[in-house]
Amino acid sequence: MKQFRIAVVQAKRDPYNEQRNTKDGLAFVHEAKSKGADMVLFPECWITGYEFPDLNKPYADLKDDPSFIKWREEALTKESPHVQAFCNLAKQLQIAIVITGYTKGEKAPRNSAFVINKAGEIAFQYDKVHTCDFADEKMLESGNSFHVCNVDGVQIGIMICYDREYPESARILMLKGAELILVPNDCETMAPRVQALSTRAYENMTGIVMANPPRENAGFSCAFSPICWDENGKAMDNTVMMADETSEGLFMAEFDLDKLRNYRKKEMMGNTFRKVKAYGELLREAVEEPFVR
């Protein structure tokens with residue numbers, strides 16, 4: 001029986017103080033290790049804060065604005081001291097970490113997650129594909145692919161916040177071999193979104209873990225198992241962990257990897273019986289009414 005324990009951070013960070021966020025984040029990593037965690041998952045944009053320049057001008061004019069340029073140039077890289085602080089602690093404590101923030105893109109910052117293994121190495125950087133282009137995230141540069149990597153013996157995939165609204169995100173991660181999908185998040189109106197994550201776990205036969213900051217109408221960090229019925233076919237509650245709206249701290253999500261892997265080998269969801277010849281419409285790029293914005 002192989003247990004994999006993920007410490008989920010449901011906490012507030014300072015919108016503009018990377019040093020304080022790093023200090024607080026490192027303290028959570030120490031606490032997670034003391035509680036026996038194998039990995040720590042932070043909410044979206046933990047290091048940098050999830051704020052944007054306050055610019056009263058059309059998006060097309062942003063590239064020459066000094067505030068935008070400063071924000072873009074201050075974005076993180078793998079070599080940034082704040083990122084390396086988490087790498088160093090991961091190696092010291094032998095614990096994996098998913099840490100987040102704005103990172104340097106080609107023309108604008110990206111919304112990213114660094115997946116750090118127990119050796120303190122960055123296993124991969126995931127850049128949010130589904131940026132919220134209907135809101136301030138239109139200032140960001142989107143990522144263009146989903147990634148899965150072996151992190152200390154577990155196939156880990158990442159999707160960030162709005163990514164989870166699209167079933168294709170989790171489906172691609174499943175097709176790439178993900179056993180656990182981790183979701184750094186920062187948004188509200190969580191009830192339907194939590195329900196959707198339970199469904200993502202069920203339909204893809206992957207574990208799902210989400211970290212969201214606490215506040216009214218937010219919070220509800222959670223984890224779900226893909227196992228939705230027992231060996232006799234009786235339905236089971238697949239909730240592994242569920243926080244409330246406003247509590248701050250670490251919430252532990254534990255997965256029995258042997259049970260998860262055995263379930264994935266024998267059940268009928270995932271990629272076993274898909275009829276992909278009927279899916280061509282999914283690749284059509286046209287946007288038609290009522291979805292034109």
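**Strand pairing in the predicted model**

An open sheet is formed by six strands in the order β6-β7-β8-β9-β10-β11, with mixed pairing. Its edges are β6 (148–151) and β11 (239–242), each of which pairs on one side only. From one strand to the next, the twist averages 20°. The structure described here is a predicted model.

Strand β3 (residues 96–103) pairs with β4 in the antiparallel sense, over seven bridges. V98 has V115 in β4 as its bridge partner. The two strands β3 and β4 form a hairpin, and six residues lie between them.

On pairing with strand β5 (residues 122–127), β4 is again antiparallel, here over five bridges. The bridge partner of S112 is D127 in β5. β4 and β5 likewise belong to a hairpin, with five residues between the strands, and G120 in this hairpin takes a positive phi near 80°.

Strand β4 (residues 110–116) is mostly covered, seven of its seven residues being buried. R110, S112, F114 and I116 point one way from the strand, while N111, A113 and V115 point the other way; all are buried. Two of the residues named in the bridge pairs above therefore fall under a relative accessible area of 20%, the limit for a buried residue: S112, which is paired with D127, and V115, which is paired with V98, are both among the buried residues of β4.

How values were computed:
Residues numbered from 1 in each chain as written. Predicted model: local features only at pLDDT ≥ 70, side-chain atom pairs only at ≥ 80, totals over all residues. Heavy atoms only, no water. Pairing = 2+ DSSP bridges. Helix = DSSP H or I, 4+ residues; strand = E, 2+ residues; numbered from the N terminus. Axes fitted to C-alpha atoms, helices over the stretch in contact; angles between N-to-C directions. Buried < 20%, exposed > 50% of the residue type's maximum accessible area, 1.4 Å probe, protein only.
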